[in-house]
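Welcome! Here is a short briefing to read alongside the sequence and the 3D view.

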Amino acid sequence: MNWTLALPEITLSILAMAILLFGVLRRGESFSVCSMLTLGALLIGAVLVIGQARGFAFNGQYVVDPFAVFAKLLILAGAALALVSAQDYNREEGLARFEYPVLMLLAVVGMLAMVSANNFMSLYLALELQSLALYVLAAFARDELRSAEAGLKYFVLGALASGLLLYGISLVYGFSGTFDFAALAHLLSDPSHASAGLIVGMVFVIAGLAFKISAVPFHMWTPDVYEGAPTPVTAFLGTAPKVAAIVLLLRVMFVPFGHLTSQWTQIFEFVSIASMILGSLAAIGQTSIKRLMAYSSIGHMGYALIGLTVGTVDGLRGVLIYMVTYVFMSAGTFACLIAMRRRGRALEKISDLAGLARTDGGMALALAIFMFSMAGIPPLSGFFGKLYVFLAAVRAGYWTLAIIGVLTSVVGAYYYLRVIKVMYFDDPAPAFDRRPVGLSFVLGVGAVVTTFFFVFPAPIVGAAQAAAAALFG
Amino acid sequence: MIVAFFFYVFAAILLVSAAAVVSSRNPVHSVLFLILAFFNAAALFLIAGAEFLAMILLIVYVGAVAVLFLFVVMMLDVNFAELRGGFQRYLPIGATVGVVLLVELALVLGGWKFAPDAMSLRFAPVPEATHNTAALGDLIYTQYVFLFQAAGLVLLVAMIGAIVLTLRDRQTSRHQSIERQHARRPADTLAMVSVPLGVGMAEVSVPPPPAPPARRLAHADGHADGHADPHDAGAAHGGGHHDGGGH
């Protein structure tokens, strides 16, 4: 059994229920208190994750390895940043209900379990736990048409993706007789067991998971959901769940289907190239900065998938480093978007940022850092993320991927730089409302990590290296 | 022998009641026949040695689902005769689909092949040396406890989500307040008047009624002002002036 290995998940779910109970029983407004408690819970979770022993639990349904620990810490950090940046926005928009942090915490439990899933059943349940909480969060501003629409769209398409995933899992189970990752890997080490049905099942599983990371051609939901959901929810959607989904995808591809590399490499090569191209071209015409971030996240997933396509330890390390840089720069960018309020009304047009450098120099500088970093300009962290991924691709001989990646980065730089141009060279629009302390904190953390990543890359690169090696173990 | 007899009894009742579910005109009768069918199916499960499934069938399907059906049928005013109205019109399409399905089923069953070891498995449906309830319990609560708990969390999230997205505190709704009911004194609402013999209502001097409690409560609750809300105000006035209504 060895259930103590799952202590972070168990503790967090108990804490989530306790906070829920507290919120229900306490009369009056308890959003702030519950948020603080949730932040504490995330911190406790992080401590428990660090102290976690390695090994398998629950008859091999659950695994803890350096790979899982790395991803879990990143998820907890992303969730904490998203929760901090939600505080003032939710209060102003009338979304300050205590269920918000509780749902976030339960989504985090789902993500942690996803990262540790070592069995298709635990994979599916964890994924649903996370997704269901996210659907509700996307529709959290229930009186606003766009938010309700975003939630419904996300839910319907997500259910469709879950259907594909389940169908794939059932095919894999039908043709192999096991749900267990390790048993599947053992079975597939003999190539004669890789029957056509199993391969079809694997492709369906890939389709279901590609939806969750919003990779082309399963990206349709992303711009609408990003735009419609309340901005703090978008900030959450764009960080921690992406990490959980891509890490889950890595584990599924390398552990149970690790011997079928030749079968899935082409799929991911296509998905990666298509995501990079769509992410860079479709974002050009956007006027809403939330939609722009949605297309940008599609593109970023394309870059991260290069590392998966390459299929070496180097490539995996590249993906993990990419996700670290991505989480911090997008958390920071979304903090800027949340801060875009004028006379109590939230704004989301790129043109609203006009002349920000003269009205709020600090925020303009931070947003410029994030945009430069997303475009991949050295010495910011986004450059290193891309560098490690491209390096792995070149070393493994995937020249096409690397060249297309570089070209689409150049195209992508156009719209990132346009935001900077609007902020620094356009005539100033009226100043934004005063920025709350929480947002400044998230902005600061994001900016510092993004700017000074090159000073201390060694521990992160080292941890990513160990994590990637553990998956190949 | 006796087992076979009971099997045929339960199976026959099951078939008859299942037919009655779809053929009876009154939907309430349909649901009641459905419950009868569930009971007989549970008995068949018992005969087959699956006592856990039998209990689950009764508890879940009869206890919850069928009762829910009954509520829905009784509460919603569905005109079943009207629903059946298109029967003649759609019969050709429905019959075609049915025939196609039947042919497909026949094809599937015609090409059915048993796995080599399926026969031996078929004769040992019950795990060795343990009850099937215990065997299921071992699977759900010991081997797959992680998944079981995760499924529980998924349901919790669904519940929270449903409440978050739909529950609204209506400002006009009236909640019962036990404390306030207890604190209420007769003097608040009653006026004792001694009426002399032979005097009509008009001549009795009625003391002005005390402040209408309903309105005061509305204010105390922070509800909308009595006058702003016509419904609330009407109720408050009606209550407050009741004893002076004879003017």
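A salt bridge here is a side-chain nitrogen of Lys or Arg within 4 Å of a carboxyl oxygen of Asp or Glu. By that rule, the side chains of A:Asp65 and A:Arg251 form one, at 3.1 Å from N to O. This is a predicted model, where local features need pLDDT of at least 70, side-chain atom pairs count only at pLDDT 80 or more, and totals for chains, interfaces and linings use all residues. Residues are numbered from 1 along each chain as its sequence is written, chains are lettered from A and ligands numbered from 1 in the order in which they are written, and side-chain values use heavy atoms, without hydrogens and water.

**Salt bridges**
- Over all chains, the structure holds 18 salt bridges.
- (Helices, H or I of at least four residues, and strands, E of at least two, are DSSP runs numbered from the N terminus.)

**Helix 4 and helix 11 of chain A**
- Helix 4 (residues 99-115) and helix 11 (residues 240-254) of chain A pack at about 20°, with their axes 8 Å apart. (Axes are lines fitted to C-alpha atoms, for helices over the stretch in contact, and angles run from 0 to 180 degrees between N-to-C directions.)
- That angle makes helix 4 of chain A roughly parallel to helix 11 of chain A. (Angles under 35 degrees count as roughly parallel, over 145 as roughly antiparallel, 65 to 115 as roughly perpendicular and the rest as oblique.)
- A:Met111, A:Met114 and A:Val115 of helix 4 meet residues of helix 11 including A:Ala244, A:Leu248 and A:Arg251. (Contact means heavy atoms within 4.5 Å.)

**Helix 9 and helix 13 of chain A**
- Helix 9 (residues 221-228) and helix 13 (residues 289-310) of chain A pack at about 140°, with their axes 8 Å apart.
- Helix 9 of chain A and helix 13 of chain A are therefore oblique to each other.

**UniProt annotations**
- For chain A, an unreviewed UniProt entry gives "domain: NADH:quinone oxidoreductase/Mrp antiporter transmembrane" for residues 117-411. (Positions use the numbering here, feature names are shortened, and annotations may be inferred rather than shown by experiment.)
- Residues 117-411 of chain A are 76% helix and 1% strand.
- For chain B, an unreviewed UniProt entry lists "transmembrane region" at residues 6-24, 31-50, 56-78, 90-112 and 146-167.
- Residues 56-78 of chain B are 87% helix, with end C-alpha atoms 30 Å apart.
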